Amino acid sequence: MTPLDVTVEDRLLLQELIARYSLARDDRDIDLLISLFAPDAQFERAGRVVDGADGIREFFLGSMRRYDLTNHVNHGQVLDPVEGASPRERVAGRVSGHAELVPSGILHVAAYRYHDLYVKSEGRWRFQRRSLNFIYAMPVDQLAAGFADNLRVRWHGDQPRPADLP
């Protein structure tokens, strides 16, 4: 793997970007959340891609209506070079984390990874693309039996489906 020439300051700013995302998501601060994305950004979840600030706003407003409460906790971030791009302007990243979520009054737990593309836009780091992938997501009372199952994405009221990873 090619070494990534990113300054310590940029690494810290990128860590702050993902922390601000989780806080804005959990605080339901839609304006802050949207400001973290480049104007032409994309967000992907479960094979559905939404484009641009308006599409991303509508996606997250719908998500915020679905969940009574969310708590996202980031565990780590790994940065990688983007071929043909300066690491001072564009960097790829992977973020691991977990969340507690309450849709329809039922506590769910989830482990996720984001596959990100960060871009320096208007003098600050933003998401150019963010793709959400689940290792598992299910009601907490199903975790003991469901964690080892292949169908580890089990949102209450939906058909279980295979996890995105691994």
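1. Helices (H or I, at least four residues) and strands (E, at least two) are DSSP runs, numbered from the N terminus. Asp80 lies in strand S3, residues 67-80. The model is predicted: local features need pLDDT of at least 70, side-chain atom pairs count only at pLDDT 80 or more, and totals for chains, interfaces and linings use all residues. Residues are numbered from 1 along each chain as its sequence is written, and side-chain values use heavy atoms, without hydrogens and water.

2. Asp80 has 11% relative accessibility and so counts as buried (buried is under 20% relative accessible area, exposed over 50%, partly exposed in between, with a 1.4 Å probe and protein chains only).

3. Helix H1 covers residues 8-27. Its buried residues include Leu14, Leu17, Ile18 and Tyr21. Arg28, which follows H1, has a positive phi, near 60°.

4. Rings of Phe, Tyr and Trp (its six-membered ring) pair if their centres lie within 6.5 Å; planes under 30 degrees apart count as stacked, over 60 as edge-to-face and the rest as tilted. The structure has 15 aromatic pairs.

5. Arg130 has its charged end over the ring of Tyr21, 4.3 Å from the centre (a charge sits over a ring if NZ of Lys or CZ of Arg is within 6 Å of the ring centre and within 35 degrees of the ring normal).
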